[in-house]
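Thanks for coming, everyone. I would like to walk you through one structure today, and I will begin by putting it on the screen.

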2 protein chains.
Amino acid sequence: MTILSSFFKKASTAFNGYSSYSKLLVVCTLSSGGLLAYSESQPDVSTHSVEGDQSESKKKKVVVLGTGWAGTSFLKDLDVSSYDVQVVSPRNYFAFTPLLPSVTCGTVEARSIAEPIRKIIKKRNAEIQFWEAECTKIDPSKKMVSCKSNLYKNLVGNSEFSLEYDYLVISVGAQVNTFGTPGVMENCHFLKVLKFRMQELEDALKIRRTVSDCFEKAVLPGLSEEERKTNLHFVVVGGGPTGVEFAAELHDYIQEDLVKLYPLVKDLVKITIIQSGDHILNSFDQRISSFAETKFQRDGIEVLTGCRVISVSDKEISLKIKSTGEVCSIPHGLVLWSTGVGTRPVIRDFMEQIGTGLYHKLFMLPIEIVEWKSNVYPIIYAQAFVFQTDRRALATNEWLQVKGCENVYALGDCATIDQRKIMEDVATIFEVADKDKSGTLTVQEFQDVLDDILMLRGMKEQKWDIEGFKSALCHADSQMKSLPATAQVAAQQGSYLSRCFNHMEQSAYNPEGPQRFRGSGRHRFLPFRYKHFGQFAPLGGEQTAAELPGDWVSMGHSTQWLWYSVYARLIGLLLLESRFALIVVVNGLHINEFVLP
Amino acid sequence: MTILSSFFKKASTAFNGYSSYSKLLVVCTLSSGGLLAYSESQPDVSTHSVEGDQSESKKKKVVVLGTGWAGTSFLKDLDVSSYDVQVVSPRNYFAFTPLLPSVTCGTVEARSIAEPIRKIIKKRNAEIQFWEAECTKIDPSKKMVSCKSNLYKNLVGNSEFSLEYDYLVISVGAQVNTFGTPGVMENCHFLKVLKFRMQELEDALKIRRTVSDCFEKAVLPGLSEEERKTNLHFVVVGGGPTGVEFAAELHDYIQEDLVKLYPLVKDLVKITIIQSGDHILNSFDQRISSFAETKFQRDGIEVLTGCRVISVSDKEISLKIKSTGEVCSIPHGLVLWSTGVGTRPVIRDFMEQIGTGLYHKLFMLPIEIVEWKSNVYPIIYAQAFVFQTDRRALATNEWLQVKGCENVYALGDCATIDQRKIMEDVATIFEVADKDKSGTLTVQEFQDVLDDILMLRGMKEQKWDIEGFKSALCHADSQMKSLPATAQVAAQQGSYLSRCFNHMEQSAYNPEGPQRFRGSGRHRFLPFRYKHFGQFAPLGGEQTAAELPGDWVSMGHSTQWLWYSVYARLIGLLLLESRFALIVVVNGLHINEFVLP
């Protein structure tokens, strides 16, 4: 311990001008719970966090990055009179993404699932400023973001600008994950943002055009039957809900519309789904997965499971069969790539700054410090790296604060909540609960901390004996997994965070959260809790499978209506006065979309 | 005369293998009426024309190029049981182009004004073959067109193919005319097809996006007021109906929608129309032109008349004021170029083949022929050149047959009807009418040709004395001007031609046309007559000016409804069962478009 605190002093001097890093460094090396302990053990530092001081008369600057489900849902309820709000997004509309696969087949009109951000802002009486630009750099040390307008072409004036923030809300979403597979970027279509200046809606429209182009190609004079078949082979990579829904929509679109327009080639069409796992829809209940596979088999949609795509060219897709290692090539007319999500470069860069940035800074220390205790070095490295870098998304605590950057919040697909396990904190909890420092807990002492533990883990109170309580805690820990990258999660997080921002002042003297086990006082807010409304996969021909909370599985004809009503409930408030609610309901009833005057 | 016929013999020999050219050459040099006389004086040659033999049991091949107003309207009524019909067009939908300016401002949904060609074909029980491809070459000597699919990207198989025809119907439209102005192609937007693989609807959607982008640019932080103004300066080049309608729609769109979303910059917006003539809408009645100018002045739309654009850069547009010769530059945010139409390369090439092609062939003659009578050479050159090349569109006769290529028909914007003046034919008419070769016409002889003359010029019978008749003919001649490049003309020509094709057989023994003055017998059909339904210019704010037949000018509030009903009448039959009629009517009533299930 002496060695370490001596190191701290030296490092602290060396880090002159990097005071926040030096503090971070200490925590890093001292805390057994990892860097996480920082924000909780030093609440006095986080003056700019949600839990910080709000007594200043000047409005705090909130910069929001992104206008997807998370960002829009945050803006929806935020009390804009208390904050100076600026929104930066390359996309000046909010898209109802669950209906994107329907846009690809023309079931739903692109315009109907997009709501301009400026219209949403107008409803808030224009107290929010919006810039159509991409955030290119987050600088947490200067509390500043650098942005570049994505309208740089023909722009009169400077396209780059910087914004200062007191609070930063990062909700930029994720991007396509190609897993580095050669040829994917160039030769596939996507239903998720691919890169700068490409937008989901345009991609969806492009897919719609390309599908009909494939038919136009297939009927051209002078092609062999084999060539016609290849032009009409539609391949979907990824058997998750998006890929499955696209395959199903495509099948219906072809069977209901296209074969009538191109009768000569109707028997040459083929749809194939490639899935690396053993089943499609493997995040769903197994009954749903089987139901979908049986339905697809009946529809003639081929499902290739246990295959990994190794490359995609403009004419062929190469696969490796995982069980045998065999490699084969399939000619294709169109490939839709819908496998998981990856990290955006700006987030990757930010993660490196607050993660391995620390490690790189170490190289700039006077040489004697680095050499001084060589075994400190790998410890710092390992902790800092795991801290943010070796992840697909920004790590936050249960209050959606980015770990290592308390005045920065991250939500939606670009973030992941990193909960510690209660069992890791048992010693701390025991220490806090043991008020008389007797080394044993009285029933009263135990009762005092129980509510806080239950609150922290979202458990309901029951009657436990001590063993039952321990096993209940273990069970709660084992249930902790990262939340899926879905619209549901993002929308709930945005809504949760806006409530926190709105109750900032009253929560200062009336905290509602659990007791801080690694600090004094209580947390201002309850931690974020995700309410799962289930999952949904339209399977074509009005067949739909849905998994709802409480082990309730619904498959068949009317499920889709049920599901849209779930969504309508989720988005009801957000889009109350817009045309959305109507579309969703009307679509549920299988009437085409209906734009009100 | 001896010299010329001697030339003919030599030329004829030299042109061995170019028999059609050699015959053409003769007519060229012999006929006082120019090449025009050819098709009429040698009706026996045109076995593949509409007026040709239809007794063969094998169906004649009709190839139609283009799916705009002319092509679609031709296909609509064509009796497909009598012909083997193949359609080639890079655009697989028919677009209701009069509503294109409304698409740019989102008043009308792009999808609502497009009807897939395959759906139109399906209604004809799929007896028509359609290829989504561009015609790259017309070879009249082989009666063949070369085509290239515009879906060459990722196409499996050969993208090029050739089609043989017995009759060719050219209705490929025109393209943007930049008059060679530097920078126009790169820096302007268009509402007319620009080049290969660009389509009107996509252009219109791009304009809509760009207008809102200009506002997004103008509100970016850190721009000077001057820079904001420049981003919000919308320039329309061309004061014809399209340019005026776009300016009016844009003004409404900005005032009704955009200024509410971008309140900070609402006073910085400016729209300018640049017109080379003295007035906008100069093809309209002068009252309409003044009405529009006054309305625009009230709306703050600047009209710069008497200015010629000399170049366009991404930031500025350079003008020359015609009266003073002064040159000035205006910074802009967006330029819409809508000035007249130009010839497509495939048509230009075809015109050269049948026009100056002849001239070029001359260079291949044995040298002694070219030198033999040097003054023949410029005559042939001048006539052949004027014949097709020195025009913006293919010259046809009154039956829409391309001059010099009788089994090829051209209609719509790519064609122009080249009528001879009756007065030029007076000698011939006199000769035909003077049956007893007395050198004078009896009343009876005159009466016999009168009906044919009236029929040929679309005049109604009246009581004339000889001087009155002569002056009536002069008046009819002076009224002959080329038809405007509008949807109305194209649709009527398509409809006329399909009727000719459908009545081919019965018209052989029961011709309905006027007497041939330069041949024997009667023409099979009445010549094409254009019925003018008037012109229409929406001026924004529900103000519309329309010019209707019979010197009827309507300006003001309800005119638009009236006009849409005219259009509904024009397109009523074509789109009876589609959703168009509904849109038109509903739009007239200013309810948004309404897509039926």
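**How the two chains meet**

Let me start with the interface: the area buried between chain B and chain A is about 4,400 Å², and carbon and sulfur atoms give 57% of it, where buried area is the accessible area (1.4 Å probe) that two parts lose on being put together, summed over both. Please keep in mind that this is a predicted model, in which local features need pLDDT of at least 70 and side-chain atom pairs count only at pLDDT 80 or more, while totals for chains, interfaces and linings use all residues. Residues are numbered from 1 along each chain as its sequence is written, chains are lettered from A and ligands numbered from 1 in the order in which they are written, and side-chain values use heavy atoms, with hydrogens and water left out.

Taking contact as heavy atoms within 4.5 Å, 45 residues of chain B touch 45 residues of chain A.

Now to the charged pairs, for which a salt bridge is a side-chain nitrogen of Lys or Arg within 4 Å of a carboxyl oxygen of Asp or Glu. The whole structure holds 18 salt bridges over all chains, and across the interface of chain B and chain A the rule finds two. One of them is between the side chains of B:E216 and A:R118, at 2.8 Å from N to O. B:E216 lies in helix 8 of chain B and A:R118 in helix 6 (residues 117–123) of chain A, so this pair joins two chains; helices here are DSSP runs (H or I, at least four residues), strands are runs of E of at least two, and both are numbered from the N terminus.

Finally, there are the aromatic rings, where rings of Phe, Tyr and Trp (its six-membered ring) pair if their centres lie within 6.5 Å, with planes under 30 degrees apart counted as stacked, over 60 as edge-to-face and the rest as tilted. The count comes to 22 aromatic pairs over all chains. Among them are B:W69 and B:F94, whose centres are 5.0 Å apart and whose planes stand at 80 degrees, so the pair is edge-to-face. Because B:W69 lies in helix 4 (residues 69–77) and B:F94 in strand 3 (residues 93–95) of chain B, the pair ties together parts that are 25 residues apart in sequence.
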